[in-house]
Amino acid sequence: MLEHVQPVPDCAELLYGDGAIRRTSLYGSGVENTFGGTLSFLRRRYTRDIEGADVVVSGIPFDLASPFRPGARFGPAAIRALSVMFSDLKPFPYGVDIFDELAVADYGDCWLDAHSPAGIPDTIAEHARAILASGATMLTLGGDSAITYPLLKAHAQRLGQALSLIRFGAHGIGPVHGPIDAERSVQIGLRSADAGPQDIQSLDARWVHAHGPQKTLERILDVVGDRACYLSFDIGCLDPSAAPGTGRPLPGGLTSADALHIVRGLAPARLVGMDIVEVSPPYDRGDITALVAANLALEMLCVLHRRKTGP
């Protein structure tokens, strides 16, 4: 688990190109062409040797539960591809290389048997258990929103307690049970009138627009308090102008600036797992949906970096 310590990273080796497969350490950055090379997430080392990793990134290319437009199975690959835009830059506004202190691995994708969909939730949960057993925090690239529940189950089993859930999305999740502490959970950006009864607190899109991202952030932190919490970001939370490539887009959503502000401020929350779901590249010829998803994933890593190294 992440702690407030300053490790001594093994990142002295300066590599030019393909650090994802040539780097020997989980720390450090190299010199890459944004237009070439092996496309791991943020050029992190592609490996299943995750001993000592603070964060493990993996993809779950699943979209068989999409209620409208499929295509989120291509989300992990698209997010990795667009992450190159940020891999050679120090993240804004921090201005530091977070990989000097944060050990991050790209584990690759969870293998799924698309011809036996009934067994896929268990496959996802086992995938998560294998990573969580290392003590690392998971950052998962989806895939549609159905992947979140088995991930939550695996996290709750690992911690031995129900989790608070911070969920961004346009569509509600209905009554919840099991791995989620409904009273200490919150969803942001809801704007679907047919969502049905909601057990967890909701800051719908109208609330966010009326009160602004800072008040929204403060309310989220007040709800989850110091409980272990899981962050799930359905990219459909954003307005279609910011994220057209999603399975069921609805107008009136958050801007990318709103979302980045809120996620950036989540360092006080005790995040134990994260995902980004519903990126569907076939419906976005300009790749802006995958781009903003990659930026949000980077912000999540920055939040974990700040928790590890302190203010």
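Q: Contact means heavy atoms within 4.5 Å. Which residues does Phe168 touch, not counting residues up to four places away in sequence?
A: This is a predicted model, where local features need pLDDT of at least 70, side-chain atom pairs count only at pLDDT 80 or more, and totals for chains, interfaces and linings use all residues. Residues are numbered from 1 along each chain as its sequence is written, and side-chain values use heavy atoms, without hydrogens and water. Leaving out residues up to four places away in sequence, Phe168 touches Ile188, Ile220, Leu231, Ser232, Phe233, Asp234, Cys237, Ile262 and Val263.

Q: At what angle do helices α6 and α7 pack?
A: Helices (H or I, at least four residues) and strands (E, at least two) are DSSP runs, numbered from the N terminus. Axes are lines fitted to C-alpha atoms, for helices over the stretch in contact, and angles run from 0 to 180 degrees between N-to-C directions. The axes of α6 (residues 205–224) and α7 (residues 256–264) are 9 Å apart, and their angle is about 35°.

Q: How many nonpolar residues are in the contact of α6 with α7?
A: From α6 come Pro213, Gln214, Thr216, Leu217 and Ile220, and from α7 come Asp258, His261 and Ile262. Ala, Val, Leu, Ile, Met, Phe, Trp, Tyr, Cys and Pro count as nonpolar, Asp, Glu, Lys and Arg as charged, and the others, Gly among them, as polar. By class, three residues are polar, one is charged, and the nonpolar ones number four.

Q: Is Leu141 buried or exposed?
A: Leu141 sits in strand β4 (residues 137–142). Its contacts include Phe41, Val57 and Ile276. Buried means under 20% relative accessible area, exposed over 50%, partly exposed in between (1.4 Å probe, protein chains only). Leu141 has 0% relative accessibility, so it counts as buried.

Q: What is the N to O distance in the salt bridge of Glu126 and Arg129?
A: Both residues lie in helix α4 (residues 120–132), three residues apart, about one turn of the helix. Glu126 is partly exposed at 48%, and Arg129 is partly exposed at 29%. Their side chains meet at 2.4 Å.

Q: Which residue forms a salt bridge with Asp222?
A: Both partners lie in helix α6, three residues apart. Asp222 is exposed, with 53% relative accessible area. The closest N and O atoms are 2.8 Å apart, and the partner is Arg219.

Technical notes: A salt bridge is a side-chain nitrogen of Lys or Arg within 4 Å of a carboxyl oxygen of Asp or Glu.
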